[in-house]
Amino acid sequence: MRTSSEADILAVVESAKRAVSNLMRTGRVWEYSLLSRIMQSPDTIGRMIEELESRGNAVVGIPTAAVPAVPDVPVEAPAESSSESSGELYQCPDTTKQGTSLRERMASLGYYKKHSLDHDLLVSFAKFLQFDMSNENFKQEVENVARFLYFMDPQQASLLFVRQHEKSREYFLKLSEAGLSKQTVQNYIKSVKRFLKFHMGSTDLCFTDRVLHEDCKNYISFLDNIQMATSKQVSKETTRKRFDTFQEGVLSSTQVTAVLAAAKKDFLAVIGKLHAGECSPGHQLTLTELQLVLYYLEAIVILEHAQWPGVVEHMTVTEWISRRRDDTRPGFVVVAVKEHKTAATFVLTQEQEMWFDLYFSEVRPVMLGKKRKRVEDDDETDERFFISSTDKAIYNASNDLERLHKKYQVPKVTSQMARRAYETATKELSDVQKTKVAGYLTHSTATAEKHYRMKEIGSAVDAFLRNLRGDSE
């Protein structure tokens, strides 16, 4: 720093002050409920390391085997989900890379090291993504840009990486070598481009440093060339995954919902505790039991009702409270999810409605770390309905679905496989009935009013799906 300018030294000092302030604010105070959830976690050490690092602490000397798993890294292929909130960045790694996990490889190679998110360049970018772009998962994208910036210059985050084309190319190549799919690497590139375009168009860069601004434009052209060069590889990768999916064949309805059957006994045991009022409310349940309720209800929506994971991720409290009785079948309720990329409806039995309501009134408040609240007293009507054990909205429902399959050692079934099974089962139906099923599985309605007119169709298709599965009404 001796040769640095006064402005650079002042910037480093200010950054250090912010880091210390953040550590003092978040690193010294711990909620007892959070500690309890960490202690109940299957991987206590990994969960604790994750929490410490999220608060700005550094954990050193971690053995390779002790590197914690990342709960928000999707395990399904990009083509699996059309979910808005699944995020572009996290897709299936190359399964041909055997041995250590993707997380362990990335950590051992140092690709998870990153600059502080309190750096001015990243703070302004995060605000842009969160408020201007309404990106729900902005922090994930900012963290990946922070990792890229660290690789380019471990000492200081800056825009000067735009003058290091060869090192940039090396970074993206190393991500592929670590096991990330070509599509995922493309998405990393997109994030860097978005980061640069923000600073070029939404800051004073063009006035304060015209030369650097011009270098940024040239760098974006450089990234465009990389994307064009790898586009064919992405297409081949997608084609291979589609072929693998085709080779899997079409499952029967029984195979689709096998995990629900396998987990039902344990699930009902937990529901019995809640229904009997033994948990006042849910606090005596273990983290494993709380997660079982959450995962099971997610699986009902995705597997039994053949909805996209994004429907689970975007369903809100308001939409649950606004559920409507089925006019043709009084024992059923229709739930409409309006904020997903394509509006969706699904129909629940009276028993399933009771399960969802117990989750809402007993389990969800515990996930949020709150005391029990009556439905009519809940002011946070725009909150997500499904909440993870980390007090946040579900980021990737496909992960939860896979965890449930692994827990009960049932062959993995994805949402795409479930939808394909139901679509194939309609081949003997009339064209009108096929259209209704297609509408139930992939609505294209754009407004809530038109969406709710799908209720009658949804009810009819739900009856067909239940008949296909052999369910009784």
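1. The secondary structure of the protein chain comprises 21 helices and 3 strands, where helices (H or I, at least four residues) and strands (E, at least two) are DSSP runs numbered from the N terminus. This is a predicted model, in which local features need pLDDT of at least 70, side-chain atom pairs count only at pLDDT 80 or more, and totals for chains, interfaces and linings use all residues. Residues are numbered from 1 along each chain as its sequence is written, and side-chain values use heavy atoms, with hydrogens and water left out.

2. Of the 473 residues in the protein chain, 47% are buried (under 20% relative accessible area, with a 1.4 Å probe and protein chains only). Among contacts (heavy atoms within 4.5 Å) between residues at least 6 apart in sequence, 69% join residues at least 24 apart.

3. Strand β3 (residues 344–348) is mostly covered, with 5 of its 5 residues buried. Ala344, Phe346 and Leu348 point one way from β3, while Thr345 and Val347 point the other way. In a regular strand, side chains alternate between the two faces of the sheet.

4. Strand β2 (residues 333–337) runs antiparallel to β3, and 5 bridges join the two. Ala336 has Thr345 of β3 as its bridge partner.

5. Helix α13 (residues 287–304) and helix α16 (residues 350–367) have axes that come within 10 Å and cross at roughly 140°; axes are lines fitted to C-alpha atoms, for helices over the stretch in contact, and angles run from 0 to 180 degrees between N-to-C directions. The residues in contact include Leu290, Leu294 and Leu297 of α13 and Trp355, Phe356 and Tyr359 of α16.

Definitions and conventions
Buried < 20%, exposed > 50% of the residue type's maximum accessible area, 1.4 Å probe, protein only. Pairing = 2+ DSSP bridges.
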